[in-house]
Amino acid sequence: MRDAAADTLTLVYLARLREAFGVGSERILPPAGIDTVAALRAWLAARGGAWAAELAPGRAVRIAVNHDLAEPDTRVRAGDEVALFPPVTGG
Amino acid sequence: MPVRVQAEDFDVARELDALRAGDRSVGAVAAFIGTVRDVNENAHVATMTLEHYPGMTEKALAAIVDAAKSRWNIVDALVIHRVGALKPADQIVLVGVTSAHRGEAFAACEFIIDYLKTRAPLWKKEHTGEGARWVEARATDDDAAARWQVPTEPAA
C-alpha cells in the first residue's frame with residue numbers, strides 16, 4: 001500500500017481566507033505542472049468565486065511551505081504542507 | 001522556553017523574574033506589553049479573537065528571538081503571545097529581554113516586537129457593534145520593521 005499522505009499536498013487556509021473559502025484545510029493530488037507556489041495560487045484562483053476574489057493577482061496573500069514563508073518560485077512537492085493567509089496582524 | 005503561544009493570561013512580574021533568575025550578569029531587563037484597545041478605527045471593540053497557525057507561529061517567533069540574539073549582545077529573550085478570545089485592556093503579548101546594559105535590551109526588545117508584528121503568523125479579528133472584521137495589516141508596521149534591515153549594499 002502506498003502512503004496517501006506522501007502523494008498529496010496538504011493545503012491550510014487561515015484567518016480571513018479560511019472564512020472566505022469556508023474550509024480550514026484540504027488534501028489535494030497536485031495536478032501536473034503545479035510545482036511552484038505561484039502556480040498553485042493561480043490553480044486555486046481558477047476555482048472561481050471566493051477563490052478567484054481572494055487570490056487574484058495584486059491581492060496581498062502570504063504563502064508558507066512547511067511552516068517557512070515562501071516566494072512565488074518556491075517549489076511545492078507532494079507531502080508538503082502549504083498554508084495561505086493574509087498579511088499578519090499580531091502583537 | 002523562550003517562546004510561548006497560549007490562551008491563558010500571563011503574570012509579567014513572574015515571567016521577567018524567571019527570565020533573569022540565576023544570572024548575575026544581567027544588569028538590564030526591558031519589556032514590552034501589548035494590550036487590547038477599546039477603540040480601533042473609530043469603532044468600539046467589544047471583544048477580539050486572536051488566531052494563529054500552530055507550529056509555524058512558534059517557529060517564526062523562535063526565529064525572531066534567534067535573530068535578536070545574534071544581532072545584539074543580550075543574555076536572553078522571551079516572547080509570550082496569547083490567542084483566542086480577548087477583551088479590551090487584556091494583555092496580548094509580552095516581550096522580555098535581559099542584557100548587561102540597557103541599550104542592547106531596549107534595541108532587541110523593539111526589534112522583536114516590530115518583527116513579530118510583520119512576520120509571525122497571528123491575526124486579529126475585532127467584534128464591534130457593527131459586526132466582526134479582520135484587522136488589516138498596517139503599512140506603518142512594515143515601516144517599523146524595515147528600520148531594522150541591514151543594508152546589503154551601499155546606498156546610491
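## Exercises on a two-chain model

E8(B) and E9(B) make a hairpin, and two residues lie between them. Keep in mind that this is a predicted model.

**Exercise 1.** Find out how E8(B) and E9(B) run relative to each other, and which residue of E9(B) is the bridge partner of B:Lys125.

*Solution.* Start with the strands: E8(B) and E9(B), the latter covering residues 131–134, run antiparallel. Next, look at the bridges that join the two strands, of which there are four. Finally, go to B:Lys125: its bridge partner in E9(B) is B:Trp134.

**Exercise 2.** Describe the side of chain B that touches chain A.

*Solution.* First, count the residues in contact: 21 from chain B and 13 from chain A. Then see where those of chain B come from: H2 (56–71), H3 (102–119) and E8 (122–128) of chain B each supply at least two residues of this side. H3(B) gives the most, with five residues. Last, sort the residues of this side by type: twelve are nonpolar, four polar and five charged.

**Exercise 3.** Locate the largest nonpolar core and explore the contacts of B:Ile112.

*Solution.* Begin with the core, which holds 53 residues. Among those with the most contacts inside this core are A:Leu14, A:Ala83, B:Ala108 and B:Ile112. H3(B) provides the largest share of the core, eight residues. Now take B:Ile112 and set aside its neighbours within four places in sequence: the contacts that remain are B:Ile64, B:Val65, B:Ala68, B:Ala77, B:Val79 and B:Val95. As background, nonpolar side chains tend to be buried together in soluble globular proteins.

Key. Residues numbered from 1 in each chain as written. Chains lettered and ligands numbered in written order. Predicted model: local features only at pLDDT ≥ 70, side-chain atom pairs only at ≥ 80, totals over all residues. Contact = placed C-beta atoms within 7 Å. Nonpolar A, V, L, I, M, F, W, Y, C, P; charged D, E, K, R; others polar. Core = buried A, V, L, I, M, F, W, Y, C linked by C-beta atoms within 7 Å. Buried ≥ 20, exposed ≤ 12 C-beta atoms within 10 Å, placed from the backbone. Pairing = 2+ DSSP bridges.
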